[in-house]
Amino acid sequence: MRHILVFDTETTADTVQNLNFGAFRIYELDYEGQILTLIEEGIFYQDDLAKRDPEGFATLKEYAESHTAPIDHRILSISVADRKLHFLSRTEFVEHYLWRRAYRYRMGVVGFNLPFDISRIAIDVGAARGFYDGGFSFKLWEDNDHWRPRLRVKHLDSKKSFIGWGTTPEHKWRGLFIDCRTLAFGLTSTPHSLESACRAFGVEGKHPVTDHGVITPEYIDYCREDVAATARLFDAMLREFYKHPIPKLAHQVYSPATLAKGYFEAMGITPHMGRSSVPDDVLGFTMSTFFGGRAEARIRRTTAPVSVLDFTSMYPTVGHLMGLWDLITSADIQAEEFDLDLSNVDVDYCLNPDNWPSFVGIAQVMPDKDVLPVRANYGLNETPNIGINYFSATEPFWYAIPDVIASTLLTGKAPKVLKAYRFTSAGRAPSLQPVSLLGRIDVSPEEDFFKYAVEERQRVKNSDPQLAALLKTVVNSGSYGIFAQVNRKKFAQPTPGKLLYRSGVTQRISTSKETPGEYCYPPLATMPTSGARLMLALMEKIVLDAGGYYAFMDTDSCAVTGTDPDAIIERFDALNPYDRDLVPHMLKREFDGYAYVISAKRYVLTDAAGNIVKSSEHGLGYLMAPEKGGHKAWIERLWRAILDDEEPEWGTLSALMRHSVSSWGLYNAFRTLNAKKKYTEQMKPFNFMMIGQIDPMYRAPESGLLIAPYEADSAKWGSVTWVDRNNPDKPIKRPPLVVFQDVIDDYAVHPEWKFEDLGGQYCLTTTRGILRRQWIHAPGATTVGKESNSLEGTELLDAEGIAPVLFGKTWEDWFPLVDFFLDQCAESNVASRTQVKQYRKGSKPRPKKMKEIIQASALYAWRDLREEHADSILNRDPLHVLQTWYHIHHG
């Protein structure tokens with residue numbers, strides 16, 4: 001790539017955001033990819049601008065005639081006349097620079113938020129297929145015969161998209177498109193605007209402008225400066241990127257995980273999937289043990305004095321303690337069946353770092369009121385969630401050994417283990433070699449990288465924050481993320497594949513598959529998260545033994561109350577693997593004050609005077625700000641309203657969500673509003689849209705979310721035209737939408753469904769105070785996908801991957817519990833005997849009849865239990881009563 005085209009567009013300020021004009025520059029690069037010099041600059045305008053906005057067109061033309069490009073004549077010996085700005089129509093711009101240069105001569109194309117700008121210079125759009133399925137196929141040229149490609153864009157998330165040319169009989173070249181927003185995220189782990197990215201990389205940013213949509217000389221300057229700032233940013237990021245000695249190109253960097261994988265590849269660390277000695281069935285067992293981080297509320301809707309204790313680099317720390325780096329750098333990983341001895345498990349056993357390497361493995365257990373992660377539909381609303389709960393089942397399940405140890409620690413009894421495997425390394429990979437991070441420090445794969453990176457980050461965080469940020473990025477992705485990366489892929493036709501799941505291996509035909517990422521490997525994915533859960537279980541045990549409690553846990557932190565936090569910190573020093581001069585304590589005392597917790601990840605921290613120190617955005621970040629100012633400001637005011645039980649002044653405004661029209665399905669929902677309009681007059685891909693929810697009192701069962709063109713001014717929200725996504729043919733004016741006060745009212749009492757109150761009742765909206773674990777009785781399990789949206793692994797591999805299990809409540813789930821009472825249901829005329837026979841042969845009742853049978857069966861079970869087992873009935877929920885009856889009589 002010797003030349004790049006950098007461009008930006010400016011649009012009308014209305015909802016359709018039609019192209020007004022744009023600016024572009026052509027740069028020559030040296031052989032290392034750094035920008036050498038500017039060689040061309042120009043302005044282009046929408047084809048109909050002279051007719052639509054004659055005054056703006058005249059301003060643009062006069063500007064182009066009176067300004068020159070800042071080309072250094074000492075480098076390019078050209079006259080002043082040749083340095084004038086090009087002045088082109090949109091048609092001329094895409095013909096000369098997209099077709100002839102970017103496509104025919106393979107010039108790179110650079111921008112910031114490229115998908116938006118591409119959709120502005122297009123003249124039509126269709127649905128993309130194949131690799132870009134679900135995305136857009138843009139038409140750029142009027143003369144769009146089969147020799148000219150369409151430009152395809154598939155949105156992945158707010159930070160990255162796949163962009164590439166379509167194929168033609170002449171070429172099958174995807175192109176070289178670099179979105180600086182994506183590259184900035186990949187290099188820093190932080191989502192950036194153009195302005196913040198320029199600050200992060202130390203280059204001059206763009207100049208602000210107050211009025212958008214009106215073509216003025218100042219506005220044209222602003223657009224040109226946007227292009228220049230993007231070029232400066234691109235140059236700075238390339239210089240930064242080339243300091244990484246990794247076998248990747250800049251346009252291949254989609255996330256921080258790309259850097260981690262690049263460094264692993266540079267170290268000679270190769271993926272284990274497909275080459276390790278671990279059998280496929282054991283990999284399936286292992287993936288079913290995968291759960292995320294532990295997050296929960298235990299003191300609900302009651303202000304409690306707390307000290308928030310935070311673990312230093314949780315996943316790298318447990319990775320080091322468990323010796324996972326030896327597995328990562330091994331020539332082979334093997335699974336060895338062994339007898340798991342849990343007889344010595346106690347707090348001191350878990351605080352001995354010498355024991356942690358023996359935790360690397362999985363165990364098949366028959367759950368019998370053991371405290372284990374349970375993925376289930378919880379609560380009255382049957383909300384899918386993961387809870388660390390008492391668990392009993394009628395069949396065995398696989399768990400990571402750290403979870404089995406955690407259960408032993410918390411219950412005082414060892415789960416019944418039927419079989420266990422430990423994972424061990426076999427030799428060192430012969431390809432291992434040292435690598436230099438940013439050319440500053442050398443890292444040897446012979447040394448535990450997790451420990452080294454954490455210590456080195458502490459050593460340089462003040463003197464070299466850039467290196468410290470890189471160490472954090474690589475160690476966090478390299479200790480967990482890349483090993484759990486799974487990609488969902490859809491197929492036009494049902495396609496066979498191998499499914500690895502909790503029962504082993506089977507064949508499955510499906511139109512969608514989850515394929516493992518490049519470094520995905522179940523043992524290395526499940527060990528860090530299970531090790532972190534064991535660390536939190538150890539925290540829970542120590543806090544409770546000291547007479548304290550905790551208000552919440554959140555992945556790597558715990559808000560403790562009623563005990564001395566310094567004593568807890570001192571206990572965990574036994575596990576601190578780091579240089580004490582760099583990391584004095586593995587546990588850090590992050591905050592002292594008060595916590596008000598609603599449910600998992602929904603909490604606010606205040607000081608002694610009641611001032612908010614930290615307010616959670618969980619469950620709120622999707623909403624458009626109801627007032628001008630920073631996003632965090634209105635979040636804090638919402639929490640203030642909850643704490644003070646007051647209504648904010650914007651409480652009656654509609655609670656709307658801003659979302660990009662980022663997929664073909666969302667774009668197609670605007671077909672009624674776009675009907676009979678030219679593309680320039682339509683809602684376009686990557687325009688922002690608003691999403692509203694009908695007030696439940698007025699919502700029809702068949703209705704969906706309401707969507708509308710984006711409007712930044714909240715005063716105009718009442719006049720917006722909406723369409724129902726499920727029925728987009730009928731526009732809606734002034735629908736009764738959910739307002740902010742509705743959101744606040746719901747948010748303030750959101751139940752912690754996975755737990756119950758001390759009386760054994762579901763955690764409901766009214767529940768306050770201390771919560772406790774539920775006792776889950778599983779009649780069966782359903783295999784579900786991990787459903788990650790990661791990038792790598794787009795080929796159909798021999799594994800459909802993932803099999804965590806979900807304990808659902810379908811008829812198949814209920815039948816083992818109610819079958820014992822079907823004859824009584826027949827005697828009581830709840831169901832006929834003919835129906836009972838059909839149900840036992842495999843027929844399913846209608847939903848209403850199913851509900852009647854369940855309620856009647858629960859009543860019969862309760863009558864049977866209350867005589868001798870009343871203390872076993874924690875609540876009158878039908879599922880709990882039936883599960884308890886089943887466990888007592890048939891467990």
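Predicted model: local features only at pLDDT ≥ 70, side-chain atom pairs only at ≥ 80, totals over all residues.

Two or more lining residues come from each of the elements β1 (3–11), α4 (114–121), β8 (151–157), α6 (194–200), α7 (217–241) and β29 (657–660), and the largest share, five residues, belongs to β1. By class, the lining of this pocket comprises 13 nonpolar, 17 polar and 13 charged residues.

Two packed helices are described by the angle between their axes and the distance between the axes. For helix α13 (residues 401–411) and helix α16 (residues 522–545), the axes come within 8 Å and cross at roughly 10°; because angles under 35 degrees count as roughly parallel, α13 is roughly parallel to α16. On the α13 side the contact is made by Pro402, Asp403, Ile405, Ala406, Leu409 and Leu410, while α16 contributes residues including Met527, Leu534, Ala537 and Leu538, together with Arg533, Glu540 and Lys541. The residues of this contact between α13 and α16 divide into nine nonpolar, two polar and four charged.

The second pair consists of helix α10 (residues 314–321) and helix α14 (residues 449–460), which pack at an angle of about 140° with their axes 8 Å apart, an arrangement that makes α10 oblique to α14. The crossing of α10 past α14 is left-handed. Here Pro316, Gly319 and His320 of α10 meet Phe450, Lys451 and Val454 of α14, giving a contact of three nonpolar, two polar and one charged residues.

Terms used:
Residues numbered from 1 in each chain as written. Heavy atoms only, no water. Helix = DSSP H or I, 4+ residues; strand = E, 2+ residues; numbered from the N terminus. Nonpolar A, V, L, I, M, F, W, Y, C, P; charged D, E, K, R; others polar. Axes fitted to C-alpha atoms, helices over the stretch in contact; angles between N-to-C directions. Parallel < 35°, antiparallel > 145°, perpendicular 65-115°, else oblique. Contact = heavy atoms within 4.5 Å. Left-handed = near helix turned anticlockwise from the far one by under 90°.
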